[in-house]
Amino acid sequence: MTEAQTVAVNKVVDAFTVSDDRLSKIVQQFVIEMEKGLDHQGATIAMIPSFVAGRCTGDEKGSFMALDLGGTNLRVCHVTLLGAGEHTIRQQKYIVSEELKTGPMRHLCDFIADCVDSFLTENGTSESHEVIQLGYTFSFPVLQTSINRGVLKQWTKGFNCSGAVGKDVTILLQDSFRRKNINVNIAAIVNDTVGTLMAYAYKHPETTMGVIMGTGFNASYYEDMSKVKKWTGNKDEEMVINMECGAFDCERRVLPMNVYDNKMDRESINVHQQLYEKMVAGMYLGEITRNAMLDLIDQQFLFNGESSNDLNKNWSFETAYMSTIEVDESDDLSDTGHILESVLSIPSTTLVDRQIVKRLCNAVGVRAARLASCHIAGVLTHTGKVGHDCIVAIDGSLFEFYPNFGNNMGDALAAVLGEQARSKVKFDLARDGSGLGAAIIAMIAAKK
Ligand code: BGC
């Protein structure tokens, strides 16, 4: 590597480096914003009461349906809760096309209803004359007014259907079921973080937070409702709050956004929104890294100054490539070479090129994990749980597959709260929890 190359690469890596001191400032600001969200409507972090009150015991029983919409696929599930923390689940995945994600909401709802219909037919559940109770995991910011009513605040994660923002999303889907004579009642609308928390708590009742780190990023936790000023219902209970923390710091007070983040943000569907999510979630990390690569190419420090048509396309550098590159320990970084040359059609790459790309991926990935720990530190601080045992149930491809993500989060947590406090926090993988969680919540709702 030439000296000029080293200087240029270090400069880019520095733009992604977040000091311990900065992490502490982010956590302080996060706690302030959380409290604003609990005090009044319309705050940056929405802090939405989920209407899921009380804890699971694991003894819940019964059969329910669940839907999960919000990432790459739609999942339709049939869940039987057996008690003693056990359950069985049958499920089917359906691909949601780009056209459906950005077309009229009515088309999306009709598609979902058709998937439910074919699932019921295939699984022989459609002959039943009893109404089937369903938990609808809809993983976008929904301002709930009851367990099965809520208005979509805005779209995130590349969805942008017309005729949905400001509308009650349960009514829209229930209407499709009614038009198609499908005997299903939406008993609950559920955020995926809330579903994940409930599903994990079914086996581990002491679980304190549910987090998603996948295509999108968000978290939920148990709150003492007497602390929620904006809440006009029963103040004596505990309720799960869907934080919608991906929206944190849209005012850009503390998040260390750099030029590569800004470029990605401008090209996204929801410009200037979800800035915290955009620095953490899987949908965006590849694009940020691509922007950093293009900068070094333009300065003639990477790939001999030549990009490719593929690499020039927005969103062409997937976050999954970063995981592969990060674990590539071969002498010639051959997997990295394969992605760059065979997948992205860069004519030829040197070992130095591959090493540079690997450093960029690492810088963006480590930053994401360090920033992702701030909201956990914030919740522990706000709830007075720093230093207490606590289980954080986490689902999502980034946490499951991105190399070292959990360890980097843990190190950042230790930097902000201290080693002792970090040792008390367990990050557990809660794979595909939201289907089970939605069924549990549908059961609670149907009982009421
Ligand atoms: C949505 C959240 C969701 C998260 C994870 C975000 O974009 O706003 O509601 O929980 O993604 O799926």
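**The ligand and the aromatic pairs**

Reply: In this predicted model, 15 residues surround the ligand, and the closest are T156, N191, D192, E244 and E277. Among these, N191 has a side-chain N or O atom 2.8 Å from an oxygen atom of the ligand, while E244 places a polar side-chain atom 2.6 Å from a ligand oxygen, and a polar side-chain atom of E277 likewise lies 2.6 Å from an oxygen atom of the ligand. Of the 310 Å² of accessible area that the ligand has on its own, the protein covers 98%. The shell around the ligand is made up of four nonpolar, seven polar and four charged residues, and helix 6 (192-203) and strand 10 (217-224) each contribute at least two residues to that shell.

Turning to the aromatic rings, the structure holds 15 aromatic pairs. One of them is the stacked pair of F16 and Y260, with 5.6 Å from centre to centre and 20° between the planes; this pair links distant parts of the chain, since F16 lies in the loop between helix 1 (3-15) and helix 2 (20-39) and Y260 in helix 7 (residues 259-267), 244 residues apart. Both F16 and Y260 are buried. The rings of F51 and W231, by contrast, have centres 5.4 Å apart and planes at 65°, so this pair is edge-to-face. F51 belongs to strand 1 (residues 48-53) and W231 to the loop between strand 10 and strand 11 (238-242), 180 residues apart. F51 counts as partly exposed because its relative accessibility is 21%, whereas W231, at 12%, counts as buried. Finally, ring pairs link Y136, F138, F140, W155 and F159 into a cluster.

Definitions and conventions
Residues numbered from 1 in each chain as written. Predicted model: local features only at pLDDT ≥ 70, side-chain atom pairs only at ≥ 80, totals over all residues. Heavy atoms only, no water. Near = heavy atom within 4 Å. Polar contact = N/O pair within 3.5 Å; in protein donor to acceptor, adjacent residues only side chain to side chain. Areas by Shrake-Rupley, 256 points an atom, 1.4 Å probe, with all protein chains shown as cover. Helix = DSSP H or I, 4+ residues; strand = E, 2+ residues; numbered from the N terminus. Nonpolar A, V, L, I, M, F, W, Y, C, P; charged D, E, K, R; others polar. Phe/Tyr/Trp six-rings, centres within 6.5 Å; stacked < 30°, edge-to-face > 60°. Buried < 20%, exposed > 50% of the residue type's maximum accessible area, 1.4 Å probe, protein only.
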